[in-house]
Amino acid sequence: MSAPEKQETLQERREFLKAGAVVAGAGLASGVLVFGAAHSRPPEQAATADRRWGMLIDTKQCGDGCNDCVTACNTENGLDGKTGPQDSQWIRKLNIKDLRNGRVHELPMLCQHCEHPPCVDVCPTGASMKRADGIVLVDRHTCIGCRYCMMACPYKARSFVHEPLTEQNPEVPRGKGCVESCTFCVQRVDRDEQPACVEACNAKGHQAMIFGDLMDPESALSKALKSQASTEVRADLGLNTGVRYQGI
Amino acid sequence: MANENCINQAACRTPQFLMLLALGGLVMLGTLYAFFTLEHYGHVLTGMNNQIVWGLPHVFAVFLIVAASGVLNVASIGSVFGKKLYKARAPLSGMLALAMMAGGLAVLVLDLGRPDRLIVAMTHYNFKSIFAWNMIFYNGFFVIVGLYLITLMDRKLKGYSTPVGFVAFLWRLALTTATGSIFGFLVARAGYNSALMAPMFVIMSFAYGLAVFLLVQTAMYWWNGLTLDERVQARMEKLLAVFVAASLYFTVVFHITNLYFAKQWEFERFILLDGGIYTVLFWVGQILVGGIIPLVLLFSSAARKSMALVALAALLVILGGHAQMYVTIVGGQAFPLEMFPGYAESSSFHDGVVAQYSPSIWEFMLGIGGIGIAFLATTVAVRTFKFMPQDDFHALESGKD
């Protein structure tokens, strides 16, 4: 091949690669846009009841002594990880032992994001609230720190901030004198990401937590709940929790 | 100056009055110091934690609120049920109700995590919350009892005292029902979740309120060198005995119904048998000091003639009332929350174990401030206004009261 011919071939290749890159880029971008339109919600749009976020925790998969979900939660939400009686814990590893046969289970306990949350019922100012998509939150602007929600929660899922805080995550505002609890990492969920605890559990390879939309029959969560027997903690209270457990 | 204001007393005893003011003022100074310290450093300085979220301040506050509604009973018996003996005591009863309610509410507010957001609590109401209803009842209490007090003390408005008194009576019943329901509606906890909480709080309010009334009345008679008429004393002490006995009755029914439900046995074992401080406070504080000893004193023949003995019985009822509040409020939280029946639970968040609580001096100083406010308000009010009961002895003689 002569030098000019070689040059021409190279030129053609460049043109081809350029065109290919443009096509691929456009395809990818449109794909991202379509995906985005289908899954994430623009910030100005309110959460709707078309979805209900929930979680299934498989206690058989939950690692013995593994605390990764707790650590990930602390990192994501700016908690210091201390476990004194006055320290906040949004998620904790609970060990339960069957008193009849001695069988032991480990499971993460967090806000169960009830459909009928007692914390929301009892809150005098309405600061404890349930978002349309089922996530139970505390409005930091109207919480007066009365702690009645902590008295009412059947899962001890709430903590009171006992002292001033520093080095907070800007996405997760917290403050002295207010009550707080697991938000299902609402800031991540609104970006179409998984809660930090679920991500950490998967990264560890345990796959003990499935997070998803309970209203979507095609979601992995709905499919798992359809095929596996699961339990609701304190089902006798009729709260219809968003978090379910299997293996207990 | 102070002398000029003492228009209704046999002897002004201004130095002693100023000493009382100084005593109350000192308590209030301590309370304010504790409040600002806690406001700055947070509740980390208290013994309260994520397991015992309501502690000593709530014990003082709820006692004062319950007793405030109960002390109004004296006025109600006069206005609603037309008993002259009690009508003569209605103004003092109304004033004490306001003073104690102010004290109790102040402690509740000062203990909030965000007391600066009181305005939020007053402007945002979740009507499904019994706590929100309580805020309406508490605020309404000041308005209604305030009006009632005016009708009782202003001759021109006296005619309105019966209808306004009737409204106040219904309001205070609703208020104490709602206060009891704060605990009764806690469905998840073994120590609460009972419809009995509401009527039990109502009947206890009768006893605590009357006990406070008798103590203040005794102090006022003693201060002025007077002796309470034996007939008046006999009737009031009998009424206190009835209320104390009724409170004991409700306590027994509450625990017996719990004992009937197998799922409540562990909680009952905790309170009645092996709950440590809570068991001691229940049997010695609530039952013995707050119930049985006062009953023995009130039914003794010596009590007929001794104002001091009745005052002692009243004081014991008040002490027992605080023990009851401690057992109800703190004991109910200390007992572990059971999420998995049939399983033993443990975690880094103190699951499955009895929660520990050691009140700090800060929360004691905060809590005692409620009594300080009620004490100061009462001391100034009884000196400045005509709250000394004026009995109609002719009616007493003829038995027409």
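A crossing of two helices is termed left-handed if the near helix is turned anticlockwise from the far one by less than a right angle, and right-handed if clockwise. In the predicted model considered here, helix 8 of chain B passes helix 9 of chain B in a left-handed crossing. The residues that make up this contact of helix 8 with helix 9 of chain B comprise 18 nonpolar, seven polar and no charged. Helix 8 of chain B covers residues 130-153 and helix 9 of chain B residues 161-184, and the two pack at an angle of about 155° with their axes 9 Å apart. Since angles over 145 degrees count as roughly antiparallel, helix 8 and helix 9 of chain B are therefore assigned to that class.

Chain A contains seven helices and nine strands. Of its 248 residues, 40% count as buried, and among the contacts in chain A with a separation of 6 or more, 61% are accounted for by residues 24 or more positions apart.

One sheet of chain A is open and is formed by three strands in the order 8-1-9, with mixed pairing. Strand 8 (209-213) and strand 9 (243-246) of chain A stand at the edges, and because each has a single partner strand, one side of each is left without a neighbour in the sheet. From one strand to the next the twist averages 20°. Strand 1 of chain A, residues 53-58, pairs with strand 8 of chain A in the antiparallel sense over five bridges, and A:W53 stands opposite A:D213 of strand 8. Helix 7 of chain A, residues 220-227, lies across strand 1, strand 8 and strand 9 of chain A, and runs at about 115° to strand 8.

Just after helix 2 of chain A, A:G78 takes a positive phi of about 75°. Strand 2 and strand 3 of chain A run antiparallel and are joined by seven bridges, with A:L94 standing opposite A:L107 of strand 3. The hairpin of these two strands of chain A has five residues between the strands, and A:G102 takes a positive phi near 80° there.

Strand 2 of chain A also takes part in pairing between the chains. Spanning residues 91-98, strand 2 of chain A pairs with strand 1 of chain B in the antiparallel sense over five bridges, and the bridge partner of A:N95 in strand 1 of chain B is B:S346. Across the interface, 39 residues of chain B are in contact with 45 residues of chain A. Helix 7 (118-123), helix 8 and strand 1 (343-347) of chain B each supply at least two residues of the side of chain B that touches chain A, and the largest share of that side, five residues, comes from strand 1 of chain B. By class, the side of chain B that touches chain A has 19 nonpolar, 15 polar and five charged residues.

Terms used: Residues numbered from 1 in each chain as written. Chains lettered and ligands numbered in written order. Predicted model: local features only at pLDDT ≥ 70, side-chain atom pairs only at ≥ 80, totals over all residues. Axes fitted to C-alpha atoms, helices over the stretch in contact; angles between N-to-C directions. Helix = DSSP H or I, 4+ residues; strand = E, 2+ residues; numbered from the N terminus. Parallel < 35°, antiparallel > 145°, perpendicular 65-115°, else oblique. Nonpolar A, V, L, I, M, F, W, Y, C, P; charged D, E, K, R; others polar. Pairing = 2+ DSSP bridges. Contact = placed C-beta atoms within 7 Å. Buried ≥ 20, exposed ≤ 12 C-beta atoms within 10 Å, placed from the backbone.
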